[in-house]
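Hello,

Here is the structure you asked for. My notes on what turned up follow below it.

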2 protein chains.
Amino acid sequence: MARRSSSSQEVLLGLLTVEPMSGYDLGQSIRTSIGFFWNESYGQIYPNLKQLAAAGLVTAKTEKQKGKPDRQVYSITPSGRAHLEEWLAVEPQPEVPRNELLLKLFFGAQAGPETVTGYVERMAQRERGYLEKFRQIERELLSQMRRYPDAPYWRMAARFGQLEVEAHLRWAEETLKALRKMEAGRQRSAIGKEKRHAGK
Amino acid sequence: MARRSSSSQEVLLGLLTVEPMSGYDLGQSIRTSIGFFWNESYGQIYPNLKQLAAAGLVTAKTEKQKGKPDRQVYSITPSGRAHLEEWLAVEPQPEVPRNELLLKLFFGAQAGPETVTGYVERMAQRERGYLEKFRQIERELLSQMRRYPDAPYWRMAARFGQLEVEAHLRWAEETLKALRKMEAGRQRSAIGKEKRHAGK
DNA sequence: AAATGCATGTAACGCGTTACATGATTTT
DNA sequence: AAAATCATGTAACGCGTTACATGCATTT
């Protein structure tokens, strides 16, 4: 097996400990339940499932459906669980950050406050949407606490997202105030220039 | 010119609006000033500078130094500034998140609370270090407000990092409490099992 | 004597997204 | 009639890290 550095296969194994699923299901699960801190495209999921099956970490079973196309349902094997536990025992590395909004804000002087104000406003809008989602997740998790023994861990992860979103919103409010002050200042000086020109 | 989706070249142009720099300088600047929200390796910086020079967006000038090897000092050109402004006018896309710590925490039930506790503790330690750095950056920026007209924008970006770090630390404290409770619970039930075994 | 910093660059490799292909059913 | 959903997969391409190469000066 080639040296692998990413966690794309392990996230599939992890989700398959909850219940057997198809590649399509896994894509849905990722998007809806861990999407706020992890993401996989189908271009990753399907080939990785094949590799996992070839390595004996999962097994596939074809399920026929009326009307809809066949499903390949994958289950984790004992050696798959062993692999997952090994991976879990490795210290997670801090990720390298890349925040394009902050990058454009950092160079905001080259564009003027009007441009970046819009970016921050729409970012805040998005974050407010996330806040709603987290509240919903919180309710669902609380009601399913005893159905899933892993739920306490899921809550901790969701709580991280919640606190981050709240911090983002506080930042956005503060930053919009500052940007609007700058805009006002620029308008005043622009009017000043106009008057000076008109008076010429 | 080929279609480019990433911002690796634009970050170089942006930093060169502050002052002319060598590839090495740019690497240092990135690490020390925007490193908390953006990152570039030398394997990206040097080839991208060449491409920028070939496209006429920067110019290179060889500077000789005593003892040390020659430096290629790059300056942004007017068309470089135009390109930067165009890029700044494009709405920044929200990045796809990948947080390995949260991923391992999410699957924490497969490893047990002891394992993930260590991960969160060391994460909190790192974050406390960042907090110190942000306080230092804040001091430096305040003292250099009139030397650099872009400083207000830099402060906004730094403030984002500050608020995020504070949120992370609050989360870590909360989560460590919950994990330690779970550990205690598991110990009690492990002792219970032991006693039952001993009594057999 | 060894390690670190200055300084520039290239090559290999893996990761990940996007686009494409196919085709039926259900909803708008 | 068109779009969205279910469902699986492949291929191309760009991005980005890591390792490697070189070599002098300074610090430990």
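Predicted model: local features only at pLDDT ≥ 70, side-chain atom pairs only at ≥ 80, totals over all residues.

Aromatic pairs come next. Over all chains the count is 18. In one of them, the ring centres of F160(A) and W171(B) are 4.9 Å apart and the planes stand at 90°, so this pair is edge-to-face. The contact crosses between chains: F160(A) belongs to helix α7 (residues 151–199) of chain A, and W171(B) to helix α7 (residues 151–199) of chain B. W171(B) has a relative accessible area of 0% and is buried.

A tilted pair joins Y148(B) and W154(B), with 5.4 Å from centre to centre and 45° between the planes. Y148(B) is partly exposed at 24%. W154(B), at 13%, is buried.

Ring pairs also build a cluster with members from both chains: F36(A), F37(A), F134(A), Y148(A), W154(A), F106(B) and F107(B).

Which residue lies over the face of W87(B)? That is K104(A), 4.6 Å from the ring centre. K104(B) puts its charged end over the ring of W87(A), 4.6 Å from the centre.

Last, the strands of chain B. β2 (residues 58–63) runs antiparallel to β3(B), and six bridges join them. V58(B) faces I76(B) across that pairing. β1 (residues 21–22) also pairs with β3 (residues 71–76) in the antiparallel sense, over two bridges. There, M21(B) is opposite Y74(B).

Best wishes

Note on methods
Residues numbered from 1 in each chain as written. Chains lettered and ligands numbered in written order. Heavy atoms only, no water. Pairing = 2+ DSSP bridges. Helix = DSSP H or I, 4+ residues; strand = E, 2+ residues; numbered from the N terminus. Phe/Tyr/Trp six-rings, centres within 6.5 Å; stacked < 30°, edge-to-face > 60°. Buried < 20%, exposed > 50% of the residue type's maximum accessible area, 1.4 Å probe, protein only. Lys NZ or Arg CZ within 6 Å of the ring centre and 35° of its normal.
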